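Please describe this structure for someone who has not seen it before.

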Amino acid sequence: MDVWTLIDVDGLRIGSVQRFSYRDYRVSGRFVPDVAFSRHQKMFAALEHAADAQLFVHVDDLERSVAALRIRAVPPDGKDVLQLISDLQIMRDWCQFRINSMTGPAEGHPFSLKPAERDTIRALIAFVRAGCPDGPSPTGFPIGRNEDFRRAALEFFSDPPDPANHFRIDVPSDEYVALNAVIYGPSSDWRIELDLFADGEQCDLTATFDLDRQSTVDSGPRLYDMHVM
């Protein structure tokens, strides 16, 4: 039996989950509260009551409130690497959650980005932020698409277009990429999505990357698109 640790948005431990099952990337098991759980206990108790009473509208509202807590999970032997989760339920001494939009390798642990892959993602975003300048492009930037990304950023940030106001995309920190990159798979390529910031405010612009670790030519993240969600 392995143990997962739940961490809230302030980095405080709210409890641990002694896993009984791991199926379809859903973890469930015995919940042991920690000190910080008292901050959120009333909300989970209200959610349990609403579900038992079949107050479905209230359940939806409370589930959105739970999601807004941005609770993360540290997997067994995860060395404090936080994983995105969804559908978190805590009912007395029982807990269940799903590894959010991720898949895991054969051993059943969540897939996460390597430090070098996070560095590549940050370098690609910095290149677009700089206006895709002439000269060599960073590894992972699609050949011949400089003008496409210049235009996409201009259209998103300026309406009508204003040359003085484009490319204000913030380059995310390594920690932000580690915590917030959403990874889809498996397929011939993994797909990574990362919400971006503009002028310090989170916006609707999402950067999408492909990740192929098998190829000796195109290994590492490759910028695929930037789109408005």
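How many disulfides does the structure hold? It holds 0 disulfides, a disulfide being a pair of cysteine sulfur atoms within 2.5 Å.

This is a predicted model, in which local features need pLDDT of at least 70 and side-chain atom pairs count only at pLDDT 80 or more, while totals for chains, interfaces and linings use all residues. Residues are numbered from 1 along each chain as its sequence is written, and side-chain values use heavy atoms, with hydrogens and water left out.

**Strands**

Helices (H or I, at least four residues) and strands (E, at least two) are DSSP runs, numbered from the N terminus. Two strands pair if DSSP finds at least two bridges between them. Strand E1 (residues 3-7) pairs with strand E2 (residues 13-23) in the antiparallel sense, over 5 bridges. The hairpin of E1 and E2 has 5 residues between the strands, and Gly 11 there takes a positive phi near 80 degrees. E2 is also joined to strand E3 (residues 26-33) by 8 bridges, again antiparallel. Val 17 in E2 stands opposite Trp 4, and in E3 its bridge partner is Phe 31.

**Aromatic pairs**

Rings of Phe, Tyr and Trp (its six-membered ring) pair if their centres lie within 6.5 Å; planes under 30 degrees apart count as stacked, over 60 as edge-to-face and the rest as tilted. The structure holds 5 aromatic pairs, among them the two in this table.

| Pair | Type | Centre to centre | Angle between planes |
|---|---|---|---|
| Phe 37 and Phe 44 | stacked | 6.1 Å | 25 degrees |
| Phe 127 and Phe 141 | edge-to-face | 4.9 Å | 70 degrees |

Phe 127 lies in helix H3 (residues 115-129) and Phe 141 in the loop between H3 and helix H4 (146-157), so this pair ties together parts that are 14 residues apart in sequence. Ring pairs also link Phe 31, Phe 37 and Phe 44 into a cluster.

**Buried residues**

Buried means under 20% relative accessible area, exposed over 50%, and partly exposed in between (1.4 Å probe, protein chains only). Phe 37 is buried because its relative accessible area is 9%, and Phe 44 is buried at 2%. Phe 127 and Phe 141 are buried as well. Cys 95 is buried at 0%, and Cys 132 is buried at 0%.

**Glu 48**

Glu 48 is found in helix H1 (residues 41-52) and counts as buried because its relative accessibility is 9%. Its side chain forms a polar contact of 2.4 Å with that of Arg 92. A polar contact is a pair of N or O atoms within 3.5 Å; within protein, one must be able to donate a hydrogen and the other to accept it, and residues adjacent in sequence count only if both atoms are side-chain atoms. Leaving aside neighbours within four places in sequence, Glu 48 is in contact with Met 91 and Arg 92, where contact means heavy atoms within 4.5 Å.
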